[in-house]
Amino acid sequence: MLNRVRSAVAHLVSSGGAPPPRPKSPDLPNSTSAPPAAPPQAPRSPPARAGSGSAAPARTVEARASFCRPTFLQLSPGGLRRADDHAGRAVQSPPDTGRRLPWSTGYAEVINSGKSRHNEDQACCEVVYVEGRRSVSGAPREPSRGQGLCFYYWGLFDGHAGGRAAEMASRLLHRHIREQLKDLVEILQDPSPPPLCLPSTPGAPGSSDSSHLVGPQSCWSSQKEVTHESLVVGAIENAFQFMDEQMARERRGHQVEGGCCALVVVYLLGKVAIIVRNGEIIPMSREFTPEAERQRLQMLGFLKPELLGGEFTHLEFPRRVQPKELGQRMLYRDQNMTGWAYKKIELEDLRFPLVCGEGKKARMMATIGVTRGLGDHNLRVCSSTLPIKPFLSSFPEVRVYDLTQYEHCPDDVLVLGTDGLWDVTSDCEVAATVDRVLSAYEPNDPSRYTALAQALVLGARGTPRDRGWRLPNNKLGSGDDISVFVIPLGGPGSYS
C-alpha cells in the first residue's frame, strides 16, 4: 500500500522568530562528492537560450538559471524546450536508457499551466558519501579505509516568487547534510553511547585544561541519554539552518529571490527520516500553514510586538473588526487559546490580523500562505517595508522510521509530491492509482515505479479542454507545477 508524505513544506520546531546568530557553515565544495558505486550524473540540463531581445543582463541570468531542470532527467535542449511548454505540459521522467535512480525510484514532473514563467519545482536524488572529519580520540584520521558513511537522499523543492531558491536548495542542501555528518562518522559506527564532548584540536580556543572550572556535581550526577538517531536528526536540522543562512548571504550576488518549501528523505544506517511504515494509507506530514501554526505566530507577535510594525494585531477574530464595533464584546482568541472567548474591542484591535483566512486562502500578514521553508529573506508585506522573514522558520520536523524492523513487499512505496499533486488528489485516489499501476507490472520490473509516478502526475494534471485542464470528473486539474517521487520500500535490490 501507500506511505504518504503529505506536503512539501519544511517543518520547523522552533517557537518562532529569527534564530540567534550561528557560526558560518563550512565552505561547500563545488561538486557533489559521491562514493565510487554511485551512479554517474549527467550534466545539469542546459538552460534554454534567451530570446533575441535586449533584456538586461541580470534578467537574462535569472531567466537562464531558473529554467534548469533536475540533472537526472538528462534533457536535451529540445527536451528542455518541451518541458517548458505551458500549452502541451508534457510529462518528464528519466530516460529508460540511462542508469536508474537509486532503489529504482520513479520520478515524473510537469510544468504549470501558465502560473509562472518556468517550472519552479526542483528535485534531487543522490547517493552521498561522508568521510569523517577526525577521529573521536582527536587524532587526525588516516586516509580513507572505507570507514566513511553513505546515505541516500531524495529532495523535492517547491519554489514561490521565482525558482532560484528551489534550484539553489536542490544543489546544496544535501551537501550541508554531509558537512554536518562529518563529525559523526566514527560515532555512528560505534555502538557505545555518543561522547558528551568532542576533543578540541591542540592549541585551539577552549583546548586548555578547564577542570578548575568544574563546579559541584551533586546536581549533575546523571547524564541525559543521547541516541545516535538524535545526532542524525540534529545534523539534518542544522543543515536546514545553514542552507537558509547561505541563501541570506548570497541573495544579492546570485539573485536568490523568493523562497521554497522542502521535503527531504534521508536513508542512513537502515533508517529513513520523514517516513513511516507500510500497510495502510498513513499521512506522514502535516501542512504548515498560517492556520496550522497560528499559536506559534501569535506567540511571536505577542513577545515581539515591534515585528508587527503597528500594522497588525496578534489576536484572531472570526472576521475583520469594524470601527463601529469599538466597545462591543466580540469573539477572539490569543496565542494561548484553542477555544474562543469574548473581549471588549479596543482601538488596536482594528489593525489587520496577523493570521487571516481559512484553508488554502489562509495568509500570514496578508501575504504568504506557508510558514516554514527556505529563503524569502527579501519578502515584505504588500505596500509596506515590514519584513515577513522573522515569522518564517527553516527548522525541519524530522521523523525516523527503521526499515529493518519490517518486511516490505515490492508494492510498498513512499510517495513524495509537491502541492501540485496533493491539491487535487486525495489519499484514497493515490492509493487506488498505486494498486492499479503496480498490479499491471511484474514485481521485479524496476520501471513500474516510474510508470506510477507518471500516472500520478497525469492524474493530477488532467487533460486539456475548452475551459482549461480538467479531471475525468470535470473538475479543474492542477494548474501548478507537479513533481512526484515514488520510492519503493521493498523488492529486489532496494536496500543494496
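1. Strand β19 is covered on both faces, with Ile482, Val484, Val486 and Pro488 on one side and Ser483, Phe485 and Ile487 on the other, all of them buried; buried here means under 20% relative accessible area, exposed over 50% and partly exposed in between, with a 1.4 Å probe and protein chains only. Since 7 of the 7 residues of β19 (residues 482-488) are buried, the strand is largely enclosed by the rest of the structure. Strands (E, at least two residues) and helices (H or I, at least four) are DSSP runs, numbered from the N terminus.

2. This is a predicted model, in which local features need pLDDT of at least 70 and side-chain atom pairs count only at pLDDT 80 or more, while totals for chains, interfaces and linings use all residues. Residues are numbered from 1 along each chain as its sequence is written, and side-chain values use heavy atoms, with hydrogens and water left out.

3. β19 has antiparallel partners: it pairs with β2 over 5 bridges and with β16 (residues 413-417), also over 5 bridges, where pairing requires that DSSP finds at least two bridges between two strands. Val484 in β19 stands opposite Ala108 and also opposite Gly417.

4. For the chain as a whole, there are 9 helices and 19 strands, and buried residues make up 50% of the 496 residues. Of the contacts (heavy atoms within 4.5 Å) with a separation of 6 or more, 75% are between residues 24 or more positions apart.

5. The largest nonpolar core has 35 residues, of which Phe151, Tyr153 and Phe157 touch the most other members; such a core is a set of buried Ala, Val, Leu, Ile, Met, Phe, Trp, Tyr and Cys residues joined through side-chain atoms within 4.5 Å. At least two residues of this core come from each of β3 (121-130), β4 (149-160), α3 (164-181), α4 (185-188), α5 (228-250) and β5 (259-268). A second, separate core of 25 residues includes Leu80, Ala123, Tyr267 and Leu489.

6. Strand β3 is likewise largely enclosed by the rest of the structure, because 10 of its 10 residues are buried. Asp121, Ala123, Cys125, Val127 and Tyr129 point one way from β3, whereas Gln122, Cys124, Glu126, Val128 and Val130 point the other way. The strand runs antiparallel to β4, to which 10 bridges join it, and Glu126 stands opposite Tyr153 in β4.

7. The whole structure contains 9 aromatic pairs, counted where rings of Phe, Tyr and Trp (its six-membered ring) have centres within 6.5 Å, with planes under 30 degrees apart taken as stacked, over 60 as edge-to-face and the rest as tilted. The pair of Phe72 and Tyr107 is edge-to-face, because the ring centres are 4.9 Å apart and the planes stand at 85°. Phe72 lies in the loop between α1 (57-65) and α2 (77-83) and Tyr107 in β2 (residues 106-110), 35 residues apart. Phe72 is buried at a relative accessible area of 7%, and Tyr107 is buried at 0%.

8. Two further features deserve a look in the viewer. Arg89 lies over the face of Trp469, at 5.1 Å from the ring centre, the criterion being NZ of Lys or CZ of Arg within 6 Å of the ring centre and within 35 degrees of the ring normal. Thr371, in the loop between β13 (363-364) and β14 (374-375), is buried at 0% relative accessibility; Thr371 and Glu287 are 84 residues apart in sequence and 9.4 Å apart in space, C-alpha to C-alpha.
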